[in-house]
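Work through the exercises below with the sequence and the coordinates open. Try each task before reading its solution.

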Amino acid sequence: MINHKTKPPLIPWALMKLFLKGEDFREFSGDIDEIYQYKCASGSKRQAKLWFWLRVLESIPGIIRDIVYWRSIMIKNYLKIALRNFQRHKGYSFINIAGFAIGMAICLLILIYVRQEQSYDTYHQDGDRVYRIVQDIRTPTANRVFAMISPMVAPTLKADYPQVEQAGRALLAYQSRLVRREDTFFYEDRFMYADPELFDVLTIPFSQGNPREALIRPHTLVITERMALKYFGHENPLGKTLEINNDIYEITGVVVDPPENTHLKYDLIASIETLRDWEEMSNWYSTMFYTYLKLKPNVNGEGFSQQVSNLADKYVGEQLKDMEDSYHYFLQPVSSIHLHSHLRYETEPSGNPLYVTIFSFVGLFILLIACLNFMNLSTARAANRAREVGMRKVVGARRFQLIGQFLGESLLVTIFSLGLAMVLAKFAMPLINNVTGIVLNFDQILNPVVLAGLIAGSIGVGLATGVYPALVLSAFRPISTLKGNLAGGSRGFAMRNGLVVVQFAISVVLIVGTLIMARQFNYMKNQHLGFEKEQKLVIPIRGGISILENYESVKNLFSENPFVQNATVSSSVPGRSVSNFGISLVGEEDTKNQSMFHLYFDQDFIPLYGIEMAAGRAFQKEMSTDIAGAFLINEAAVAAFGWSSPEEAIGKRLKTGFGGRVNPIIGVTKNFHYRGLQTQVEPLVMECNPQLFRYLTLSVDITDIQETMAIVESQWKSLYPNNPFESFFLDTDFDQQYRSDEQVGRIFGIFTVLGLFIACLGLLGLASFTAESRTKEIGIRKVLGASVLGIAVMLSKQFTKWVLLANCVAWPVAYYIMSRWLKNFAYRTDINILIFVLSGLFVLAIALLTVSFQSIRAATANPADSLRYE
Amino acid sequence: MPMILLSRAEEIILLAVYKLQSNAYGVSIREQVNDDIGRYWPFGVIYKTLKKLKAKGYVKKIASDPVSERGGRTRYYYKITPEGLSALEKILCIHSAIWGGIKGFSLEKKAK
């Protein structure tokens, strides 16, 4: 008799249990145990155990292969059923996949945008130790933070603070330079002077030349590869020269083109040594240089930032005290500059972290709309799958298998949509770049980590979306489904309507946002600026030529053109940068130092730009003392000086600029927006000083624009045959300031339309399903005498209710978000309730249109067809 | 009807089931295979093959009443079906067909 108490070895037993289930396990364990017991009884136990181990181990590969084989058969079946379902219900599948694909494509684009915004200046070596130092200038009347600081700071940092490993300065050219090599010449915008130390602080890789020696001597120049190709073709540029604004520079290095994601963009870098005789180079009060530094390892940036706060006091503390000014310096991590630094004189318009947040949410919301579509349609159409579920259950499917099957189907949809989304995004990208001007780079997502993340993300989305329908579907009872009496679409009714409300609430928020943005941009463009911006042709004077001496004759020459009514010269034009100088009031006890913007122009500027005077008089040609001998100020300056009326200002004397010229105020202009509407009009001092004239403005007749331009250009050529002619219209140039905001507005608009489209797709699916499942009811109603209109209204009514509810949810949310956005602008439109009502009505109309399409079809159907099968 | 060829493993197992008649279950099939081809197959291979045969409808799986030798547990017996039998017939035909034309390939050669 065999002793059944001999226990088989535990580990192989557990292994068997791990790989085999149910009957398979009982069979295998029974058979192997039978022999084992026999062997135990007849021979050594150890040998029997060994035998048991070996038999189990040698069987495992076969068992695994077996499991895979049978699973794959099941999966093939699931796939087949899924594909059949896609084919049979092409409309619904299209809604699901198109919705997902568009939603994901938008998410992809937003992901690229967000990554790009966040990647600014993250590529610098030892980036966590690289900082920019900026200056907070506090005067009794104002408190301003400048991105540009004195050239004295970098040497002081290196001399006084051992924590600093290296520090370097960069001075960006305000104006573009005329760069010439033999017969090739172009204006180049991205010209700067820099210390050789800058190459130790920021990562600027050299492809030729030595970074340590390149910028040591005066008039040496480092150029980017792009410039090297432009001016030298395939020649080696090292040692050759370029002429820049009539100065000769020797090329000592070639650097790789700066990436798109840096705030400091350059094409030509000249040595700061070139400027060594310039008196500004030792001026503690000037604000002209961007200064970057690298700290030694293990130095705490924040702590050090506080230590350097008053680094200037040691040198000019007394003088600052006399002026009642104080300078405070602090550090900014270089990678935070693009998004989080919004100081005066940034190198380029900063990114807006609010937009990054808004877009992230918009992307998520649109994806959410698509997910809700999927959930809605899957559960609504559950009835169609009920028989299949019943059958599978009868044949022995477990609930978890069914859940797996339906989850798998939603995974299939999402993965397929991801592929489609990538294609869509790839093709939409040039379009987006075109419409918005934001340059997105598709390569951002073509790296394994991001791709893996995307796939994981879409699997997550698939699972999250699939779980609810899977639970609903797998819960069907086989008996009731096979009997055919399924409650059908009424299951989860509240849930589905809730989802519709969420979808449309999101759509309404997006539409309100788009409308308010459009209104704001429109407002800014049409706001009276205090000057006329239309029909002004502006010609920059640059590239080494000047009109200091002969500006009157140049103006006269251009005025000969029959299409030109008038001409004026100025140091800047509205919308372009204006310089900022310290200014003080002479002859009063409470003299206070301030710094104000300065604009220089001749006597024709005020009439040509249509600027109104508040008091006194403008510059006049007949008064020779007006030239560099009188000031105009604006009303904001009157307020800044503390005068109660513009008249009070007349005759007061101001001291300003380099060298401290003292002149009387002869007039006060009304405020005009010489900068964009994002900011309030700030105090402005105006002087007629030919030394600084750099722009020629022609007031032109735009009826025959081509003829006008042709004449102007030929006149230019006759004056300056060696300088290319360029010009721009003031209104377009001025509106450029709103470009980045407007870009965002446009993208927002595109996404809104797509979001609404996806939501409508879902609604269409849902409506057609409702109509389908009520076919019989509609038939009976018609037989009993219901009108087509009555039925269409009945079918549309329920959706109307939910869309209206969606509006109620959306309005406060939209109001909150948009009033925050509008705070970015000093001059802004009000938030009009009409916008909300209009958006609501619009969404309602679109929804009704979508639904009525189905409703009318259902209502006009012949009842004989729908009741035939009863 | 298209002819479904059996794999060699399926053929061996199916024949073993046939030979064992009413006593074909895991242990005995393993012994039979050993008798026929001279080595023990891993259990995994045997079950895998049996499963495929079952899916093709050539064998039936029958759970026995509890057996005392197995401590009161069930034994799973296999029984060949009519389809299985006809498959064996076909295999035999094929074997004779493919070996039939060959002459001079005899044991003599092997003996050399």
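The exercises concern a predicted model, and each solution goes step by step.

**Exercise 1. The contact of chains A and B**

Task: Determine how many residues each chain gives to the contact, and which helix of chain B supplies the largest share of its side.

Solution. 
- Step 1. Count the residues on both sides: chain A contributes 20 residues and chain B contributes 17 residues.
- Step 2. Assign the side of chain B to helices. Both α2 (26–37) and α3 of chain B supply at least two residues to the side that touches chain A.
- Step 3. Find the largest share: α3(B) gives six residues, the largest share of that side.
- Step 4. Sort the side of chain B that touches chain A by class, which gives seven nonpolar, six charged and four polar residues.

**Exercise 2. Two helices from two chains**

Task: Describe how α3(A) and α3(B) are placed relative to each other.

Solution. 
- Step 1. Recall what has to be stated: a pair of packed helices is described by the angle and the distance between the axes.
- Step 2. Classify the angle. Angles under 35 degrees count as roughly parallel, so α3(A) and α3(B) are roughly parallel to each other.
- Step 3. List the residues that make the contact. From α3(A) they are A:Arg55, A:Ser59, A:Ile60, A:Pro61, A:Gly62, A:Ile63 and A:Asp66, and from α3(B) they are B:Phe43, B:Gly44, B:Val45, B:Lys48 and B:Lys51.
- Step 4. Sort the residues of this helix contact: five are nonpolar, four charged and three polar.

**Exercise 3. A helix pair within chain B**

Task: Classify the packing of α1(B) against α2(B) and give the residues that make the contact.

Solution. 
- Step 1. Helix α1 of chain B spans residues 8–20, and its axis lies 9 Å from that of α2(B), at an angle of about 110°.
- Step 2. Since 65 to 115 degrees counts as roughly perpendicular, α1(B) is roughly perpendicular to α2(B).
- Step 3. The crossing of α1(B) past α2(B) is right-handed.
- Step 4. On α1(B) the contact is made by B:Ile12, B:Ile13, B:Ala16, B:Val17, B:Lys19 and B:Leu20; on α2(B) it is made by B:Ser28, B:Ile29, B:Gln32, B:Val33, B:Asp36 and B:Ile37.
- Step 5. These residues divide into eight nonpolar, two charged and two polar.

**Exercise 4. Buried, partly exposed or exposed?**

Task: Assign a burial class to A:Val851 and to A:Trp53, and name the residues that each touches.

Solution. 
- Step 1. A:Val851 belongs to helix α27 (residues 833–860) of chain A.
- Step 2. A:Val851 has 26 C-beta neighbours inside 10 Å and therefore counts as buried, the cut-off being 20 or more.
- Step 3. Leaving aside residues up to four places away in sequence, A:Val851 touches A:Leu763, A:Ala767, A:Leu795, A:Ser796 and A:Phe799.
- Step 4. A:Leu763 is 88 residues from A:Val851 along the chain, and their C-alpha atoms are separated by 7.0 Å.
- Step 5. A:Trp53 sits in helix α3 of chain A. With 15 other C-beta atoms within 10 Å, A:Trp53 is partly exposed.
- Step 6. With the same exclusion of residues up to four places away, A:Trp53 touches A:Pro9 and A:Pro12. The C-alpha atoms of A:Trp53 and A:Pro12 are separated by 6.0 Å, at 41 residues apart along the chain.

**Exercise 5. The pairing of β4(A)**

Task: Identify the strands that pair with β4(A) and state how enclosed β4(A) is.

Solution. 
- Step 1. β4(A) pairs with β5 (residues 184–188) of chain A in the antiparallel sense, over five bridges. Here A:Arg177 is opposite A:Glu188.
- Step 2. Two residues lie between the strands of this hairpin, and A:Glu182 takes a positive phi near 50°.
- Step 3. β4(A) also pairs with β9 (residues 241–244) of chain A, antiparallel and over two bridges. In that pairing A:Arg180 stands opposite A:Glu243.
- Step 4. Four of the five residues of β4(A) (residues 177–181) are buried, so the strand is largely enclosed by the rest of the structure.

Key: Residues numbered from 1 in each chain as written. Chains lettered and ligands numbered in written order. Predicted model: local features only at pLDDT ≥ 70, side-chain atom pairs only at ≥ 80, totals over all residues. Axes fitted to C-alpha atoms, helices over the stretch in contact; angles between N-to-C directions. Parallel < 35°, antiparallel > 145°, perpendicular 65-115°, else oblique. Contact = placed C-beta atoms within 7 Å. Nonpolar A, V, L, I, M, F, W, Y, C, P; charged D, E, K, R; others polar. Buried ≥ 20, exposed ≤ 12 C-beta atoms within 10 Å, placed from the backbone. Pairing = 2+ DSSP bridges. Left-handed = near helix turned anticlockwise from the far one by under 90°.
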